[in-house]
Amino acid sequence: MWTMNERRRGLEVINGERGPSLCIQNVTYLNSAFRTWETGSIWIDGRRILYIGPEEPPIEADETIDGTGKFAVPGYVEPHVHPSQLYTIETYAHFGSQTGTTVYIADNLIPYMEMEERDAHRWLDHLQQLPEQIYSWVRFDSQTRSAEEADVFNEDRIASWLKREDVLLGGELTAWPALMNGSPRLEAMMGAMKQRRLKVEGHLPGASERTLVRMRLLGVDGDHESMTIEDVRHRLQHGYAVTLRYSSIRPDLPHLLRAIREKGWDVWDRLMMTTDGSTPLFHKKGLMNELIEIALQEGIDPIDAYHMASYNVARYYDRLDEFGQLTTGCLATLNILNDPNDPTPVDVLAKGQWLVREGEVVERRRVLDWSNVRPFTSVPCTAADFEWTSPDGIELVNDVITKRYESTVDRTLDAIPPSFDESYLLVIGRDGTWRVNTMLKGFGAIEGLASSYSTSGDFVIIGTSKVAMRRAYEAMCEAGGGIFLADESNVQAYIPLPIGGRLPDLSFEDIRPFEQRVRTYAKEKGYRLGDFIYTLLFLQSTHLPYVRITPEGLIDVLTGESFVLSEKR
């Protein structure tokens, strides 16, 4: 919030009563209103831009920078962040800001599910201490199926989030079939969003045009699941804002940009871009700077390329007074480039604070407190947990798509021969009261894996050897959470996740070697699909076809049928 006192102080600068805190002189800046590059000065006082144009401040600034030959653009925006994919929102933002991504619109699932209500709101307030600008979604569903869903995602609790100024949208709406089938709870939530004129983000991979029309009528405003040029056309045709994706499992951005350009569609002001929660190793050059670079390589006009990662997002969410453009009154969040054809900045300013200066990252301390996250609680396993009866299981079609299959393995074996390409799959509820035993095909021949990293936070244990599975599980419990891979003798690779068993306490850069070792070991053991981490995460995600494992058991996503039931422990 820009207070009247701060506004009055800005007038003092304009009236020549004192100088601004910073002036960037002779810089060529992106004028988003006129879609031009112009040269002038940017006056900044505290967190806000006070003036941008040809004039110099009447009184010299506290700090003056010569921008001759440099280019200023708005800070880049990542509009669809999942800040729990082996990083926290703080470590992710710190990494991204080093290459110019300084505005984030982030999933609220971790604070919503893992903190008490009061603690979650206090934690969100603390986010504002970060130099980056952090905004939130509010979820309507957990992405899996449980008996507590309606209690956890109830109207009163959602309403408390909608009162926040930093909440910009609802979603992503993975439970859209329930909405289409008339769920009173979801209809009430959609109504609350529309009363506040907030956007709703869909999650509609592979949706037909008919489904897109229905969901648009029910209140969905945008979607990030376009995989083909026809997906893009149908969404634009029916009024959706379209976010193009470049992620580890769906790197569709280049071919979609190319197709749009080939068709001659002048729709660049309707498009945004996202990395959609990719894990640390995927991000080799940064965040949104890399996506802008891809757009430039595909021949997109530089102004359109920069707008897809800034102005378009701010306009869509009606926050142009806070980010997305360089203009009077906007927060002083900007990047300074050597060349508009190279979107990686040499200087990064966020809310008037230097994060990168002349190519050097400015040191800073962490500020977020994670002590109120639900603590990791180890659940002892027993011999009974490692008994399998049903032959029904899950076959991996690709990283995230599954289907039902029937195992031919003798499930009394302590170890499955690698030639079967089958594994035991066990999920133990984090409260220790239930388990599901089933089979998994297509995961390779990893002897033992245990993970507290999952959609629901329950414990996923996979392997060809019951001895190695137990070893991995006990190591995970002893460490207080993480992803652990073991053979029958030792742990061979792991990713530590000590914050509630869900998040690391390491920097973005420091977690990478752990991720690399886990991926390398899994590949050595026969994991042949694209993204090992997402395969683990999505085993429970009921928004994807066709078979998922939930606290109720194995379910067919399309029919809702449970065909391997969970058991009490």
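This is a predicted model: local features need pLDDT of at least 70, side-chain atom pairs count only at pLDDT 80 or more; totals for chains, interfaces and linings use all residues.
After α10 comes Gly239, which has a positive phi, near 90°.

Next, the nonpolar cores. The largest of them holds 48 residues, and Ile89 and Phe140 are the ones with the most contacts inside it. In general, nonpolar side chains in soluble globular proteins tend to be buried together. As for Phe140, once its neighbours within four places in sequence are set aside, the residues it touches are Glu149, Phe153, Ile158, Gly170, Gly171, Leu173, Arg185, Leu186, Met189, Met190, Met193 and Val200.

Helix α6 (residues 155-162) and helix α8 (residues 184-195) have axes that come within 11 Å and cross at roughly 20°. An angle under 35 degrees counts as roughly parallel, so α6 and α8 are roughly parallel to each other. Their crossing is right-handed. On the α6 side the contact is made by Glu155, Ile158 and Leu162, and on the α8 side by Arg185, Ala188, Met189, Ala192 and Met193. Sorted by class, the contact of α6 with α8 has six nonpolar and two charged residues, and no polar ones. Helix α8 also contains Pro184, which counts as exposed because its relative accessibility is 63%. Pro184 and Leu86 are 98 residues apart in sequence, and their C-alpha atoms lie 35 Å apart in space.

The axes of α2 (residues 89-97) and α16 (residues 508-524) come within 9 Å, crossing at roughly 105°. Angles of 65 to 115 degrees count as roughly perpendicular, and α2 and α16 are therefore roughly perpendicular to each other. Thr91, Tyr92 and Phe95 of α2 make the contact with Phe508, Glu509 and Arg512 of α16. By class, the residues of the contact of α2 with α16 divide into three nonpolar, one polar and two charged.

Lys70 lies between β4 (63-66) and β5 (71-74), in the loop that joins them. Its relative accessibility is 26%, so Lys70 counts as partly exposed. Lys70 and Ile336 are 266 residues apart along the chain, yet their C-alpha atoms are separated by 6.5 Å. Not counting residues up to four places away in sequence, Lys70 touches Ile336 along with Val27, Thr28, Leu337, Asn338 and Val346.

Definitions and conventions:
Residues are numbered from 1 along each chain as its sequence is written. Side-chain values use heavy atoms; hydrogens and water are left out. A nonpolar core is a set of buried Ala, Val, Leu, Ile, Met, Phe, Trp, Tyr and Cys residues joined through side-chain atoms within 4.5 Å. Buried means under 20% relative accessible area, exposed over 50%, partly exposed in between (1.4 Å probe, protein chains only). Contact means heavy atoms within 4.5 Å. Axes are lines fitted to C-alpha atoms, for helices over the stretch in contact, and angles run from 0 to 180 degrees between N-to-C directions. Helices (H or I, at least four residues) and strands (E, at least two) are DSSP runs, numbered from the N terminus. Angles under 35 degrees count as roughly parallel, over 145 as roughly antiparallel, 65 to 115 as roughly perpendicular and the rest as oblique. A crossing is left-handed if the near helix is turned anticlockwise from the far one by less than a right angle, and right-handed if clockwise. Ala, Val, Leu, Ile, Met, Phe, Trp, Tyr, Cys and Pro count as nonpolar, Asp, Glu, Lys and Arg as charged, and the others, Gly among them, as polar.
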